[in-house]
Amino acid sequence: MEVERMKEGERVLSFAGTTMLSSSSSLRGLAISLFLLFFFFFSADEIMCVPDSNYTNNRRVETLKLARIERRLDKINKPAVRTIESPDGDIIDCVPRHKQPALDHPLLKNHKIQKAAPQRPRFKGDRTPINYNASDATRRAWQAWHHVGHCPKGTVPIRRSSVDDVLRAKSLFHFGKKHLGGVPLARKVDAPDVASGNGHEHAIAYTMNTEEVYGAKATINVWDPSIQVENEFSLSQIWILSGSFDGTDLNSIEAGWQVSPELYGDSRPRLFTYWTSDAYQATGCYNLLCSGFIQTNNRIAIGAAISPVSSSGSSQYDITILIWKDPIAGNWWMSLGDSSMLVGYWPAALFTHLSDRATMVEWGGEVVNTRTHGEHTSTQMGSGRFAEEGFGRASYFRNLEVVDSDNSLTTARAIATMAENSKCYDIKSFSNADWGTYFYYGGPGNNQHCP
C-alpha cells in the first residue's frame, strides 16, 4: 500500500512498512531504505519456506512407515534369478529354493529341505472314484503366468509383493493375516471354525468324530465371485485342524482358492495357503507372506491367479488339493491336481498339536460380512448361487476324502454340514459312485430373505 505525506519539502513513500526518502539530499537514507527493503523480502521468503511442524511430523512418520514396509518386503521378496511378468499384472520371481522366505523362521534355522518325496496316500477301496462327467464338462484350471514363462529347476516361483499391497492392509502387522478383530473363536464341538462377532460366515462340511486324521483331499470348483467392498473376501478351502476350538492353541493348515481385493489388489480367484499354531493370533499367514511354508515346486506360484474359471451353464473348472502328513519325516505336504504334483510342505516344527495329527477336517466356503450401510454384504460365496441350483450353476466340492493312520485315502462318509445363515449362503451334501461324498454350496449374500 502506498501512502503519501509531505514533510519539509520532501516526498516520502511508505511501502510495506519500509520508508524511502525522495529527496536527493538524503542518499544515506535511501541506501538504508533499500537495504531494509531487500532484507524484508529475503526474510519473508525464508519464513515462507519453513515447513509447518505438523507437516514435518507427518512426513517423518510416513518416511518411518515406508522404511518399515520396505524392510518387511525385503524379507518376502528375495533376490531372483529370473523374473516373469504375468499377463494379469503379477510379477513372479524365480527364487533359489534354499533362499526362500520359509527358512527365515526361527524354528527352521537349521532345517534341511526335504529332498526325498513323501510316501503318498493311496485310495483304499475296490475302485477309485472317477470324474463325474466323461464328456470333459469338468476341466482343470491353471495359472495365468504359465503362458509367458517358467521358473528353472532349483528355484521356486514367488509372487512379488508391493508397497501398495501392504498399504491396503489394516496395518503392517495385519498384512497377510486373517482379520479376526481380536475376537476369540467361539467354536462348538460339532460346528468348528464359527467365529463370533467378526463377520466371518461359512457354509461347510466337516468330519463328525475326533478320531486321528492325517490328511484330507477334495476337488474344488473354481469361480470368480463378486466382492462388495475391498476388505471383504470369498474363499473355498480345506481346513486341517487340531487343538482347542475355544482356546488359543488351535493349529490349522488351509488351502484352496480365494478372491481378496485387499490382499491382492484385484478380484481374480487365486490359489492360496494358510497356517496358524495359535488360533490366528500371531503365527502364520497367507501364502509365502511370512516364513513357514516350504515350497519345492518350480511350476506352481502360491497366490497367483487361476485361469480359466467356471461360468454358469457352461464349462466347469476345478482344482484338486491333497494335504497329508508324511508318515516318515512328519511334515505336512500339499499336492495339486489329479497327478498329485507336489507343491511343498509345512514342517512339523511349526506346530504343537499338528506335529502329531489332526482331529478334524472341514471343506467349504467362507466370506467376510462387514454389513456396509447396515445391510448384509452382497459378497458372493462360490458361484453366487444357492446349492439347490446344482451342477453348472452352484459351486461344488467333490470326492471328499480323509487320510487315516495307515496313510490310506478313504471316502469321508461321516460328515455333517453347517451354514450360519442359510438365507444368505447354504450347503447340501450328496453321494454317488463317481463323485463319492460331495456337496453344492454358496449363495449371493444380500437378497430379499437376507437383508
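Helices and strands here are DSSP runs (helices H or I, at least four residues; strands E, at least two), numbered from the N terminus. Strand β24 covers residues 426-432 and β25 covers residues 436-442; the two run antiparallel and are joined by seven bridges. Two strands count as paired if DSSP finds at least two bridges between them. For one such bridge, show serine 429 together with its partner in β25, phenylalanine 439.

Before moving on, a word on what you are viewing. This is a predicted model, in which local features need pLDDT of at least 70 and side-chain atom pairs count only at pLDDT 80 or more, while totals for chains, interfaces and linings use all residues. Residues are numbered from 1 along each chain as its sequence is written, and side-chain values use heavy atoms, with hydrogens and water left out.

**Colour by confidence**

Now colour the protein by pLDDT, the predictor's confidence in each residue, from 0 to 100. The mean for the protein is 84, and 79% of its residues reach 70 or more. Select residues 35-50, where pLDDT stays under 50 and the model has two contacts beyond four places in sequence. A contact means heavy atoms within 4.5 Å. Then select residues 181-197: pLDDT is below 50 here too, and this stretch has 39 contacts in the model beyond near neighbours in sequence. Where pLDDT is low, the predicted coordinates should not be read in detail.

**The whole protein**

Zoom out and switch to cartoon. The protein holds four helices and 25 strands. Of its 451 residues, 52% are buried, a label for under 20% relative accessible area, with exposed meaning over 50% and partly exposed in between (1.4 Å probe, protein chains only). Among contacts with a separation of 6 or more, 72% are between residues 24 or more positions apart.

**The six-stranded sheet**

Next, pick out the open sheet of six strands, which runs in the order β14-β13-β12-β20-β10-β23 with antiparallel pairing. At its edges are β14 (270-276) and β23 (415-419), each pairing on one side only. From one strand to the next, the twist averages 20°; strand axes are lines fitted to C-alpha atoms, and angles run from 0 to 180 degrees between N-to-C directions. Inside this sheet, select residues 200-207 (β10) and 360-368 (β20): they run antiparallel and seven bridges join them. Histidine 200 stands opposite valine 368 in β20.

**The three-stranded sheet**

Another open sheet has three strands in the order β4-β5-β9, again with antiparallel pairing. Its edge strands are β4 and β9, each pairing on one side only, and its twist averages 25° from one strand to the next. Four bridges join β4 to the antiparallel strand β5 (residues 91-96). Glutamate 85 stands opposite isoleucine 91 in β5.

Stay here and select valine 81, in the loop between α2 (53-76) and β4 (82-85). Is valine 81 buried or exposed? Valine 81 counts as exposed because its relative accessibility is 53%. Leaving aside residues up to four places away in sequence, valine 81 touches Cys94, Pro96, Pro152 and Thr155.

Glycine 149 is your next pick, in the loop between β8 (142-143) and β9 (155-159). With 22% relative accessibility, glycine 149 counts as partly exposed. Its C-alpha atom is 8.4 Å from that of glutamate 85, 64 residues apart along the chain.

**Aromatic rings**

Show the side chains of Phe, Tyr and Trp. There are 18 aromatic pairs in the structure; rings (for Trp, the six-membered one) pair if their centres lie within 6.5 Å, and planes under 30 degrees apart count as stacked, over 60 as edge-to-face and the rest as tilted. Select phenylalanine 293 and tryptophan 346, an edge-to-face pair at 4.7 Å centre to centre, with 65° between the planes. Phenylalanine 293 lies in the loop between β14 and β15 (294-295), while tryptophan 346 is in strand β19 (residues 341-346), 53 residues apart. Phenylalanine 293 is buried, at 1% relative accessible area, and tryptophan 346 is buried at 0%.

Finish with the aromatic cluster formed by Phe391, Tyr396, Phe430, Trp435, Tyr438 and Tyr440.
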